[in-house]
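Student: I would like to go through this model step by step. Could you take my questions as they come?

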Amino acid sequence: MGNNNSQSIHLKKEILARIIEAFFSDNFEENTRLIPYDMRPKGADVPYRCCIYKERAILKERVKAGLGFSLEEDDETKLLSEYAKEALNRDKLDENPLTVLDAACAGCVPSRIYVTDLCQGCVARPCQSACKFGAIEMVNGKSKIDGSKCKSCKMCMNACPYNAIVKLAVPCEDACPVGAIQKDENGITRIDFEQCISCGKCVAACPFGAIHEKSQIIDILKYIKNGSKKVIAMAAPSIIGQLPGNLYQLKSAMKKAGFYDVYEVAQGADVTTLNEAKEFEERMENGAPFMTTSCCAGYNQFVKKHLPEINEFRSTTQTPLYYTAEIVKKEHPDSITVFISPCVAKRKESMDNPNVDYVMTYEELGALFIAKHIEIAECEEDKFAVESSKQGRNFGVTTGVAEAVKSVCKNSEEVKPYIVSGLTKDTAKDLKKFAKDKSCPGCNLVEVMCCEGGCIGGNATINIPRAAKKELKTLLDKSENLERTE
Amino acid sequence: MAKVNVKICMGTTCFVMGSSQLHDLVDIVNKKYGEDVAITGSTCLNYCTDTSEYSKAPYVKVNDIVIQEATIDKVLQEIDKCLKQQG
């Protein structure tokens, strides 16, 4: 599921832009404290909540997440100005990249099976006989589910001829492929970080915008502002089409916003492709049944936490970000590297890679341009020192990685891709089966991308995938094919 | 000659705040109104910078009417209104 233009995402982006404006103003701390009041001044409309005070209270929490803090340990007496000051002085990041805003999360009823008024109290009572747990009784002539006995198996739902029984949905729980997010006994959603693979699907799914990424923008802007070190951006391939203008204009816009230089992560993707193709050929020669890709951070977390059995089939080739960051740190040893990312999962990968200092999502980059009043479409074109290949630039679209590997394999017709476009509870089951059977019938190269459609469907993307793909095609038509030299 | 002119602001602010999501609007309008309505993307129309009102982005202009926080529905409603006025 990609991002959408719901009001909560609009709010998040506005808040990020306001935090950045405050940061570059003459009084960061005080202007940060005032953000909720600037957004909801006295007498303003109250678009979402019961009153202006609650609106401001929730906006305050969103600002806290934008400053990079956890919302779980809440100290209401602490002012935003104090948080702003703390953000300026910290030098370490929180380990878990997601946080839940309790005050915004209260809208959903706990997930359960529920008999609606449509129940006709029929004589046959197929729901009762379908239930293996004896959870359905008749009360006042209608079916009623005993929550303590119900196991949510949905057998009654399927049995009811009137479609009178429904499952009350909790979007974040439904979106999570690994069951890591759940409502606790008080109805408040909690993320189990032991289980969480940081894929960001809950962020995109929550209609209340209650799940936030802990932003690192202040940490990054601190370095940009004080100028002590070169801050270098590494833009993921899926950035193409996420903002106005072309890739080369975007590069100069980013330099205008304060980055010393910009690298394409597609450059690292080219290294990934060549290494992965070699590894694939070796594995096939040695009789392996299949190999999976290893570039999606969400998938890598999934393997680590939920499917270690598939690890032996996963490519040991590093991610495009890994190779890019290695190149940048070699060329600029004392620089601060920032990965420009479509998703939250890469925050986790970056924390484990000493060559990647920070992560800035597309939404955050967009907010930076807003705050700095930079018109990307009016910027000059600025070419890259190393231009990436067509295949590398296509890495962020589903099938892109498998096609890239295939294009440089010696016997490319022997490469049979199996594509996982979006890790869901169902596709996770398929992968489990491949690992258990040690076989992927008819296929030998399994490409896994956690987000539907690939990285262009990431939780922090701005544009709709269809429109972004159109822009990408324009660039691909001008890009060179990747050549294998050995 | 088109009776109604629609301009979708594609400046940085509007794009980030949601005009990128109006991608389908062009197709919908062309299909629904044909030559009666001319719709184009535009460089920054300056509504965000003049007033610092980026919270009201994206902006779409329908003839002389400026629509704030534009959605596909809001724009179609305004086009219908304009066409009706012109008979």
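**Domains, core and contacts**

Student: Which domains does the assignment give for chain A?

Tutor: The assignment divides chain A into domain 1 (7-105 + 183-215), domain 2 (112-168) and domain 3 (219-478). Please keep in mind that this is a predicted model.

Student: How many Å separate the centres of domain 2 and domain 3 of chain A?

Tutor: Taken over C-alpha atoms, the centres of domain 2 of chain A and domain 3 of chain A are separated by 47 Å.

Student: What average pLDDT does chain A have?

Tutor: The average for chain A is 93, and 99% of the residues score at least 70. Over residues 1-5 of chain A, however, pLDDT stays under 50. The model has 20 contacts beyond four places in sequence for residues 1-5 of chain A. Where pLDDT is low, predicted coordinates should not be read in detail.

Student: And the overall dimensions of chain A?

Tutor: Along the principal axes, the C-alpha atoms of chain A fill a box of roughly 75 × 65 × 35 Å. Chain A contains 20 helices and 15 strands, and buried residues make up 48% of its 486 residues. Of the contacts in chain A with a separation of 6 or more, 76% are between residues 24 or more positions apart.

Student: Which residues have the most contacts inside the largest nonpolar core?

Tutor: They are I20(A), M234(A), V338(A), I340(A) and V405(A), in a core of 156 residues. Domain 1 (7-105 + 183-215) and domain 3 (219-478) of chain A both give residues to this core, so it lies between them. Another core, of 11 residues, lies apart from it and has I113(A), C131(A), A135(A) and C160(A) among its residues.

Student: What does V338(A) touch?

Tutor: Leaving out residues up to four places away in sequence, V338(A) touches I220(A), V231(A), I232(A), A233(A), M234(A), D357(A), Y358(A), V359(A) and M360(A).

Student: Let us turn to I145(A). Is I145(A) buried or exposed?

Tutor: I145(A) is buried, because 20 other C-beta atoms lie within 10 Å. I145(A) belongs to strand 4 (residues 142-145) of chain A. Beyond four places in sequence, I145(A) touches I113(A), Y114(A), V115(A), A135(A), I136(A) and C150(A). Two of these, I113(A) and A135(A), are also named in the core of 11 residues.

Student: How many of the residues of helix 13 of chain A are buried?

Tutor: Helix 13 (residues 297-306) of chain A is mostly covered, with 7 of its 10 residues buried. The buried residues are A297(A), G298(A), Y299(A), N300(A), Q301(A), F302(A) and V303(A). Their cover includes helix 15 (345-351) and strand 15 (445-449) of chain A.

Student: Changing topic: how many residues does each chain give to the contact between chain A and chain B?

Tutor: Chain A gives 22 residues and chain B gives 16 residues. On the side of chain A, helix 1 (7-24), helix 16 (362-371) and helix 20 (465-478) are the elements that give two or more residues. By class, that side has 13 nonpolar, 5 polar and 4 charged residues.

Student: Where is I374(A), and what does I374(A) touch?

Tutor: I374(A) is in the loop between helix 16 and helix 17 (390-393) of chain A. With 17 C-beta neighbours inside 10 Å, I374(A) counts as partly exposed. Beyond four places in sequence, I374(A) touches A253(A), K256(A), A257(A), F369(A) and, in chain B, T12(B).

Key: Residues are numbered from 1 along each chain as its sequence is written. Chains are lettered from A and ligands numbered from 1 in the order in which they are written. This is a predicted model: local features need pLDDT of at least 70, side-chain atom pairs count only at pLDDT 80 or more; totals for chains, interfaces and linings use all residues. A nonpolar core is a set of buried Ala, Val, Leu, Ile, Met, Phe, Trp, Tyr and Cys residues joined through C-beta atoms within 7 Å. A residue is buried if 20 or more other C-beta atoms lie within 10 Å of its own, exposed if 12 or fewer, and partly exposed in between; C-beta atoms are placed from the backbone. Domain bounds come from an automatic or database domain assignment. Two residues are in contact if their C-beta atoms, placed from the backbone, lie within 7 Å. Helices (H or I, at least four residues) and strands (E, at least two) are DSSP runs, numbered from the N terminus. Ala, Val, Leu, Ile, Met, Phe, Trp, Tyr, Cys and Pro count as nonpolar, Asp, Glu, Lys and Arg as charged, and the others, Gly among them, as polar. pLDDT is the predictor's confidence in each residue, from 0 to 100.
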